[in-house]
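This report is meant for a reader who is new to the structure below. Please look through the sequence and the model before reading on.

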Amino acid sequence: MSQPLSRVTVLLRERKDELLREWTSRLRNDPKIPQARELNEEDLRDSTPKLLDDLIDSLTQSAQAGGAGGQGGASGQGGAGGQGGASGQEIGSSDAAKLHVSNRLAQRYTLAEELREFGTLRSVIIELCAQERVILGGEEAQLVHSTLDEVMITTAVELERASSAELRRDAVLRELFIAVLGHDLRNPLAAIQFATASLLKREDVTAAVTRLVQRIAASNDRAVRMVEDMLDMTRIRAHDGLPVEPKPVDLYSICQQVIAEIESSHPEHTLRFNARGDGHGMWDPGRMGQLLSNLIGNAVDYSPPEEPVQVELRGEKKAVVLEVNNRGIPIAPELLAVIFDPFRRGEQRQEDLRRTKGLGLGLFIVKAIVDAHGGSIQVTSTQEEGTTFRVTLPRSS
């Protein structure tokens, strides 16, 4: 013979609609859930009536199976539901709970707002029992609370999953946009480069026009470098690193070429180059030129014209070590930890900010090149010694 239903079960079953009306009324008047005011009654309730039905059914089945709420009631996992009914974990992680969270996401709810909803539902249930002098205790209390706790956990998990998927989707779209933009920008930039080079070769161009064309050419070169940096960032993230093609390379020869190019574009600066030992190894020649150009160019950008930039290459037994030193303003200690992150710069003064011409990707790409060759890079910066970037490249990547 089945056991009579407990007072809690009867109360929740008979007053379910009243309970839901009180719950939705409180949500509409809660200033911390502004979206609730914009929803009609059906959308605001959403799947909550189904969750309450599942809870009441579980309480009913537990009572019929052996006396829910009594001393002899059977207990399920986590004290939820007993032998006859679903556990709080099962109810709170059901399809109805997940559907509710999905709908709330579409209604632009935050995690805090969604958790607040179920906190309010808990309060309404407890207050209804107190008002009717019905004791909510024992296994019944465990089932009610474990159900609401599990719904909150489901809410957090589903919102995190949806947010992660949205972030991944946004990241893919952003990288795709950068790749397409960079590819499409190359053609007009190449046309500008060809036109300026042609104009500079003409003998009938006046000195004033020549200066303007040179300025256009310099700006175009910076734009080309920015595009290449953006494309490299896309490659790094798409491939979880930068693809390289190692070949036999003389690093000293590449370094001399890069220094000559930088000296011609920065005649006001002095670069001192010191090389000793063997500079040969297996590296990607294009990436080595890019690494040296970024590091030495960065040193020139942050070095006063009166202070020489020191570049040193040392051939060791199994590796080649590159050191680039400048005597500009030291990098703040808090920036040293993130100096290789994208869009980071080491400047500390407004005039330094105006002088830089890149996107803040140079050192990020430098580290990616070093990592791709199995090397390491460190930076030290003090008022006494200046700022030194030290790169160690194994001869065989």
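## Confidence of the model

This is a predicted model. The protein chain has a mean pLDDT of 83, and 84% of its residues reach 70 or more.

Five strands form an open sheet in the order β2-β4-β5-β7-β6, and their pairing is mixed. At the edges are β2 (271-276) and β6 (376-382), each of which pairs on one side only. On average, neighbouring strands of the sheet are turned by 10 degrees against each other, direction ignored.

Within the sheet, strand β5 (residues 319-326) and strand β7 (residues 386-394) run antiparallel and are joined by eight bridges. Opposite Thr-392 in β7 stands Val-321.

## Helices across the sheet

Helix α11 (residues 285-301) lies across β2, β4 (309-315), β5 and β7. The angle at which α11 runs to β5 is about 25 degrees.

Helix α14 (residues 362-372) lies across β6 and β7. Relative to β6, α14 runs at about 140 degrees.

## Helix pair α10 and α11

Two packed helices are described by the angle between their axes and the distance between the axes. For helix α10 (residues 251-265) and α11, the angle is about 45 degrees and the axes are 9 Å apart. This angle makes α10 oblique to α11. The crossing of the two helices is right-handed.

On the α10 side, the residues that meet α11 are Leu-251, Ile-254, Cys-255, Val-258, Ile-259 and Ile-262. On the α11 side, they are Pro-285, Met-288, Gly-289, Leu-292, Ser-293, Ile-296, Gly-297 and Val-300. By class, this contact of α10 with α11 holds 11 nonpolar and three polar residues, and no charged ones.

## Helix pairs of α7

Helix α7 (residues 111-131) packs with helix α2 (residues 16-28) at an angle of about 135 degrees, their axes being 10 Å apart. This makes α2 oblique to α7. The crossing of α2 and α7 is right-handed. From α2, the residues in the contact are Leu-19, Glu-22, Trp-23, Arg-26 and Leu-27. Their partners in α7 are Glu-117, Thr-120, Leu-121, Ser-123, Val-124, Ile-125, Glu-127 and Leu-128. The classes in the contact of α2 with α7 are seven nonpolar, two polar and four charged residues.

Helix α6 (residues 95-106) also packs with α7, at an angle of about 130 degrees and with the axes 11 Å apart. The two helices, α6 and α7, are therefore oblique to each other. Their crossing is right-handed. His-100, Val-101 and Arg-104 of α6 make the contact with Glu-114, Glu-117 and Phe-118 of α7. By class, the contact of α6 with α7 has two nonpolar, one polar and three charged residues.

Notes
Residues numbered from 1 in each chain as written. Predicted model: local features only at pLDDT ≥ 70, side-chain atom pairs only at ≥ 80, totals over all residues. Heavy atoms only, no water. pLDDT = per-residue confidence, 0-100. Pairing = 2+ DSSP bridges. Helix = DSSP H or I, 4+ residues; strand = E, 2+ residues; numbered from the N terminus. Axes fitted to C-alpha atoms, helices over the stretch in contact; angles between N-to-C directions. Contact = heavy atoms within 4.5 Å. Parallel < 35°, antiparallel > 145°, perpendicular 65-115°, else oblique. Left-handed = near helix turned anticlockwise from the far one by under 90°. Nonpolar A, V, L, I, M, F, W, Y, C, P; charged D, E, K, R; others polar.
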